[in-house]
There are 2 protein chains.
Amino acid sequence: MMIESEKLVVYAPGGSIPAGECDSAHEHPDMQALRQMLPPEERLDDLAELYKIFGDTTRVKILYALLEAEMCVCDIAALLSMTQSAISHQLRVLKQTKLVKSRRSGKTVFYSLADEHVRTILSMGMEHLEEN
Amino acid sequence: MMIESEKLVVYAPGGSIPAGECDSAHEHPDMQALRQMLPPEERLDDLAELYKIFGDTTRVKILYALLEAEMCVCDIAALLSMTQSAISHQLRVLKQTKLVKSRRSGKTVFYSLADEHVRTILSMGMEHLEEN
DNA sequence: ATAACATATGAAAAAGTGTTCATATGAAAA
DNA sequence: TTTTCATATGAACACTTTTTCATATGTTAT
C-alpha cells in the first residue's frame, strides 16, 4: 500500500501547478510544458465568445446579407422573414462585439460590416464545410 | 384608400418569393437579387452549426491542447481540471463534427485533430481578437 | 403639439446546451 | 472468470440563449 509521502511532489518555487496527468501506464505528453504552450485561459474564453457570435443562424444570415449591401433593420427583417424586434436584438449583439456598425439617417438606421475580417472568418468556415 | 388588387404582385412561375422589403421611403437593395446571392439557407445553418462547436470554452481548450499533441481522455481531463465525463461528452461532439479523430490502444483512447483546418480556423479567430 | 413611423429594449416564455451523477461498455491483468 | 481500469453514455439539473410581446425612444411630417 502506498504511503502518504510517496504522493508528495515538489513543486516549482512560487507554488505552481500539479503534473496533472492520469496514472495510466502509457506515455503522457509533458504536462508542464504543454500548459505553458497553451494561450492563457482568458484568451481562450474570448475566442470561444467570438465563435459563439457566429454560431447562430440568424446572425450568420444577417452577416451574409451585409456582405452584399448596407441595409436597414426592416429590410433585413423582411429578407429573413423575421420580426423587427428579433433582428434588432441580434444587431445589438453584433454591434456590441464590433462585427457590424450602424449609421442613422433620419428615422432609419443602416447597418454594415465593421470590417473585412468578418468576410474572412465566414469564408474559412465555408471552406471547411466544402472540404467535408 | 388602397384597393385589394393593388397589393397583388405577379410572382415568377412556380410560385416564388415576395419582394419583402419594408415600405420606408429610402433606397432599398434589390431584394430579389440579394436573395439569389445568398447561400442557401441550409448551408448557412451548417455554417452556424460549425461555429457553434468552436463557441464553447471547453471545446476550444481541448482543440488547442490537441494542436500540440495527441492525448488520451484522462490526460485532457487532468490538463483542464475537469471530470473525465465532461471531457468525454465534448470529445464525442468534436468527433461527430469531424474535428477530431480517435484511435484505441488497449484501454486508452487517443484523440487528435482530424485535419489541419482546425488550426486555420482557430488562428483566424485569434487574429481577429488581436486586431481589436 | 400630435401623429406616424423606424428602431430599441425589458421581461417573460420557449428552446437549447453543458456538466454531473450513476452506470454501462470494452479491454487488459490477475 | 473476476477484477480493475479507461472511456462512453443516458438522464436530470442548472444555466444560457433566442424569440416574442408590449412598450419606450427618437425622428420626421402635419
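In chain B, three strands make up an open sheet with the order 1-3-2, and their pairing is antiparallel. The edges of this sheet are strand 1 (71–72) and strand 2 (100–105) of chain B, each of which pairs on one side only. Please keep in mind as you look around that this is a predicted model.

- Strand 2 of chain B is joined to strand 3 (residues 108–113) of chain B by six bridges, and the two run antiparallel.
- To find your place in this pairing, look for Lys101(B), which stands opposite Ser112(B) in strand 3 of chain B.
- Strands of a sheet pair through backbone hydrogen bonds, in either a parallel or an antiparallel manner.
- Lying across strand 1, strand 2 and strand 3 of chain B is helix 4 (residues 57–68) of chain B.
- This helix 4 runs at about 90° to strand 3 of chain B.

**How the two chains are related**

- Chain B is superposed on chain A by a rotation of 180° with 0.0 Å of shift along its axis, giving an RMSD of 0.1 Å.
- This relation is that of a two-fold axis.
- Both copies use the same surface, as 100% of the contact residues of chain B recur in chain A.

**The interface**

- The contact between the chains involves 57 residues of chain B and 57 residues of chain A.
- Between them, chain B and chain A bury about 5,100 Å², and 70% of that is on carbon and sulfur atoms.

**The cysteines**

- Searching the whole structure turns up zero disulfides over all chains.
- In chain A, Cys72(A) is in no disulfide, and the nearest cysteine sulfur belongs to Cys74(A), 3.4 Å away.
- Buried or exposed, what is Cys72(B)? Cys72(B) counts as buried, because its relative accessibility is 1%.

How values were computed: Residues are numbered from 1 along each chain as its sequence is written. Chains are lettered from A and ligands numbered from 1 in the order in which they are written. This is a predicted model: local features need pLDDT of at least 70, side-chain atom pairs count only at pLDDT 80 or more; totals for chains, interfaces and linings use all residues. Side-chain values use heavy atoms; hydrogens and water are left out. Two strands pair if DSSP finds at least two bridges between them. Helices (H or I, at least four residues) and strands (E, at least two) are DSSP runs, numbered from the N terminus. Contact means heavy atoms within 4.5 Å. Axes are lines fitted to C-alpha atoms, for helices over the stretch in contact, and angles run from 0 to 180 degrees between N-to-C directions. Copies are superposed by least squares on the C-alpha atoms of residues with pLDDT of at least 70 in both. A disulfide is a pair of cysteine sulfur atoms within 2.5 Å. Buried means under 20% relative accessible area, exposed over 50%, partly exposed in between (1.4 Å probe, protein chains only). Buried area is the accessible area (1.4 Å probe) that two parts lose on being put together, summed over both.
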